[in-house]
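Here is a quick tour of one protein model, written to be read with the structure open beside you.

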Amino acid sequence: MRRIVLYISLLLSVSCNRATQAVYDETPERLLSIAGLKTLCDGQSSVVITRDVVIRGQVVANDLYGEFDRRIVLQDASGGISLALDENRLSERFPFGIQIEVRCNGLSLCDYGGKIELGLTPGQYGCTPIPTDEIDLHLRISSRNEALPRARDLTFAEVGSQHIDTRVRFRDVRFATPGQHWCDTDPETGQTLTTEREIIDPQGNRFPVRTVRSCDYALETLPTGSGSLIG
């Protein structure tokens with residue numbers, strides 16, 4: 001079965017205005033973990049970063065299979081975060097596994113229903129993307145070692161907010177409706193719809209798997225039998 005990207009995402013409308021412009025020094029003031037960066041947005045719908053802080057992480061998700069529109073996901077040992085970038089074919093520029101350094105001064109953190117993103121400014125659906133001509137100001141490839149970090153084994157009950165935008169594995173699970181397509185289709189327009197299916201563990205517990213309508217495999221069928229789901 002093709003490796004499918006699975007992430008946890010909730011919805012919350014936010015709005016705010018950009019309050020400052022980016023200022024760059026040759027030597028960043030400090031390196032933060034991804035989890036540490038996210039704490040700057042604790043209890044707020046959004047915050048503009050005004051210090052020369054840098055995060056580093058590996059690309060663990062991009063738009064290769066049509067799942068993340070103008071987004072890549074970085075992960076370090078502390079957690080993961082989505083970056084909003086206004087460019088198509090991000091998988092060619094930022095393939096799986098490469099190490100990215102992000103200079104965060106002048107960018108915004110947005111809490112979108114409990115999922116914190118990094119981008120240019122707060123928008124209706126999370127952060128607005130960093131413009132193409134500003135991507136090189138903020139992002140630098142620091143290593144092209146393309147070995148993905150090992151997925152963490154979890155049970156459904158162990159999933160928490162700290163696992164958002166990180167690679168996880170559910171072992172010995174099966175789909176509740178094998179043979180159906182990953183995505184439903186609108187009977188009137190014929191367009192695919194973003195759809196939730198359920199996976200079931202050996203104890204009968206259920207967990208939702210949300211598949212974005214734009215993914216390349218939307219009309220492929222769900223697998224039968226039990227196995228591991230990594231995403």
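A disulfide here is a pair of cysteine sulfur atoms within 2.5 Å. With that cut-off in mind, look at Cys215: its sulfur is 4.6 Å from the closest cysteine sulfur, in Cys183, so the two are too far apart for a bond. Keep in mind that this is a predicted model.

So where does a disulfide turn up? Searching the whole structure gives 1 disulfide, and it is formed by Cys110 and Cys127, with their sulfur atoms 2.5 Å apart. The link is right-handed, with 105 degrees about the S-S bond. Distant parts of the chain are joined by this pair: Cys110 sits in strand 7 (residues 108-112) and Cys127 in strand 10 (residues 126-127), 17 residues apart. Both Cys110 and Cys127 are buried.

| Residue | Burial | Relative accessible area |
|---|---|---|
| Cys104 | buried | 0% |
| Cys215 | buried | 5% |
| Glu101 | buried | 12% |

Which side chain does the side chain of Glu101 meet in a polar contact? That would be Arg56, at 2.8 Å. Setting aside residues up to four places away in sequence, Glu101 also touches Val54, Ile55, His138, Leu139, Arg140 and Ser142, among others. Gly57 is 44 residues from Glu101 in sequence, yet the C-alpha atoms of the two are 6.8 Å apart.

Beyond its neighbours within four places in sequence, Val102 is in contact with residues including Val53, Leu74, Leu83, Leu107 and Leu118. In the largest nonpolar core, which has 27 residues, Leu37, Phe94, Val102 and Leu118 touch the most other members. At least two residues of this core come from each of helix 1 (34-38), strand 3 (53-61), strand 4 (71-76), strand 5 (79-84), strand 6 and strand 8 (115-119). Strand 3 contributes the most, with 3 residues. There is also a second, separate core of 16 residues, with Phe156, Val168, Val209 and Tyr217 among them.

Finally, a word on confidence. The protein chain has a mean pLDDT of 87, and 87% of its residues reach 70 or more. Residues 1-26 stay under 50, although the model has 78 contacts for them beyond four places in sequence.

Technical notes. Residues are numbered from 1 along each chain as its sequence is written. This is a predicted model: local features need pLDDT of at least 70, side-chain atom pairs count only at pLDDT 80 or more; totals for chains, interfaces and linings use all residues. Side-chain values use heavy atoms; hydrogens and water are left out. Buried means under 20% relative accessible area, exposed over 50%, partly exposed in between (1.4 Å probe, protein chains only). Contact means heavy atoms within 4.5 Å. A polar contact is a pair of N or O atoms within 3.5 Å; within protein, one must be able to donate a hydrogen and the other to accept it, and residues adjacent in sequence count only if both atoms are side-chain atoms. A nonpolar core is a set of buried Ala, Val, Leu, Ile, Met, Phe, Trp, Tyr and Cys residues joined through side-chain atoms within 4.5 Å. Helices (H or I, at least four residues) and strands (E, at least two) are DSSP runs, numbered from the N terminus. pLDDT is the predictor's confidence in each residue, from 0 to 100.
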